[in-house]
Structures are given as C-alpha cells and as structure tokens.
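Could you walk me through this structure while I have it open in my viewer? I would like to know what to select at each stop and what I will find there.

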Amino acid sequence: MSDNYKKYGELFQVDPEHFDEFYALLKDTELLKSDFFIKQGEKCKYLGFIKKGTIRCFYINDQGREINFGFYFENEFFTDYESILCDTVSNMNIQALENCEILLLSKDHLQALYKKEAYWQKFGRMMSEKIYLDAKKRIDDLLCFSPENRYLNLLKKEPLLFQKIAQKHIASYLGVTEQSLSRIRGRIIN
C-alpha cells in the first residue's frame, strides 16, 4: 500500500485498486493568500483538494457586497460543481484565505474516468450526492434557523472556522452584519 493511499485513500473514497490511477491524474499546485482559484465569469476546469490551507467561496450580490457561501479546510474538496457539470461560466469566486497547497483534478481527466468504467461513475455519483447534501444543508440553515441558531450550529459543526476565518466573513456567511454577529456572540457568552 502506497504512502499516498495511506494518507488520502479514505479521504478521496477511492479503493486501493483504483487509487494509483486516480492519484496519477492529480496536479500539485499552490495558491498564495488572496489568489483566486476561480473568479466570477470564468469557467471552472478543476476539482480541488486542500492539502494545507483555507479557501472561501463567495458571491457578489447585486449591491456589490460579498456573500460567503462556504469555507474549505485541509483535507476537503472544493470546486464550482455547477460550472463543471453544465460547462458554464461561474457565478462564484473561490479564493485562498491563506497560502494553500492543493491537488487539482482536471474536468477532462474526471470525464475520462467516468467513461472508463462503472466504478468511476459511482465515484462521481457519490461526489455529486455529497455536494448536493452540503448545499441543501446550507440552504436549510439559512431558511429554517434564526441568526443566533445558525451561529450556534456553525460553532458546533465547524469550531475551526472561528479560529481561522475573519469575523466579517463569518458574519456574511451567517447572513448578518458584523455588528449583529457581535451582539449574538455577546448574548451567548453572557
């Protein structure tokens, strides 16, 4: 069993028989703090995996304000799946919040794997299902919970976020102003 499989096999959810084939397609690269993986208006061509660092995904609303949709940390995948799937330009921006080491899988390599055998089609389906469920949870959070409960849920689910992400980004993610976030934190602490 290779060192790379020991390190990433379970995270990638690729079995030992297929791992080397998959890993050989990955490209090691770096993003410096504030570099963009993709900007709004570009087509997304890669699926990324974070070896080290933190990345945020955000939109710019019609008033020109940044709205954070997600944060990604070490050992997590990220991409604009809609852009890859539909071959359209992205509506989102994906940016490094700190220096990042990432692995990239190109859309073309992913599509070639899908055509190769049923194993890779199942892999793609599982990846799609995870992306769908993560997005649904995010939407449910925004629609069903008060800002205070969103804060508490986030604190419970992603405590690392509060150590690594600026308050303005957390406030945007929760759908509140920085002042509201400060009041929420004050009520919870007291």
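Predicted model: local features only at pLDDT ≥ 70, side-chain atom pairs only at ≥ 80, totals over all residues.

Residues are numbered from 1 along each chain as its sequence is written, and side-chain values use heavy atoms, with hydrogens and water left out.

**Stop 1: the sheet**

Helices (H or I, at least four residues) and strands (E, at least two) are DSSP runs, numbered from the N terminus. Select the open sheet of 4 strands: their order is 1-8-3-6, with antiparallel pairing. Two strands pair if DSSP finds at least two bridges between them. At the edges you will find strand 1 (27–31) and strand 6 (77–78), each pairing on one side only.

Now colour strand 3 (residues 46–52) and strand 8 (residues 100–106), which run antiparallel and are joined by 6 bridges. Ile50 has Ile102 as its bridge partner in strand 8, and Leu47 has Leu105 there. Strand 3 also runs antiparallel to strand 6, with 2 bridges between them; here Gly48 is partnered with Phe78. Strand 3 is mostly covered, with 5 of its 7 residues buried; buried means under 20% relative accessible area, exposed over 50%, and partly exposed in between (1.4 Å probe, protein chains only).

**Stop 2: the nonpolar core**

Next, show side chains for the largest nonpolar core, which has 20 residues. Such a core is a set of buried Ala, Val, Leu, Ile, Met, Phe, Trp, Tyr and Cys residues joined through side-chain atoms within 4.5 Å. Phe12, Val14, Phe22 and Trp120 have the most contacts inside this core. Helix 1, helix 2 (16–24), strand 3, strand 8, helix 4 (107–116) and helix 5 each supply at least two of its residues, and the largest share, 4 residues, comes from helix 5.

**Stop 3: Phe22**

Centre the view on Phe22, which is buried with a relative accessible area of 0%. Not counting residues up to four places away in sequence, Phe22 touches Phe12, Val14, Leu105, Leu113, Trp120 and Phe123; contact means heavy atoms within 4.5 Å.

**Stop 4: the aromatic rings**

The structure holds 20 aromatic pairs. Rings of Phe, Tyr and Trp (its six-membered ring) pair if their centres lie within 6.5 Å; planes under 30 degrees apart count as stacked, over 60 as edge-to-face and the rest as tilted.

Select Phe19 and Tyr23: their ring centres are 5.5 Å apart and their planes are at 25°, so this pair is stacked. Phe19 and Tyr23 are 4 residues apart in helix 2, which separates them by about one helical turn. Phe19 is buried at 1% relative accessible area, and Tyr23 is buried at 18%.

Phe22 and Trp120 are also a stacked pair, at 5.8 Å centre to centre with 20° between the planes. This pair links distant parts of the chain, with Phe22 in helix 2 and Trp120 in helix 5, 98 residues apart. Trp120 is buried, with a relative accessible area of 0%.

**Stop 5: helix 6**

Finally, select helix 6 (residues 147–157), where Arg150, Tyr151 and Leu154 are buried. What covers the buried residues of helix 6 includes helix 5 (118–144), helix 7 (159–164), helix 8 (167–174) and helix 9 (178–189).
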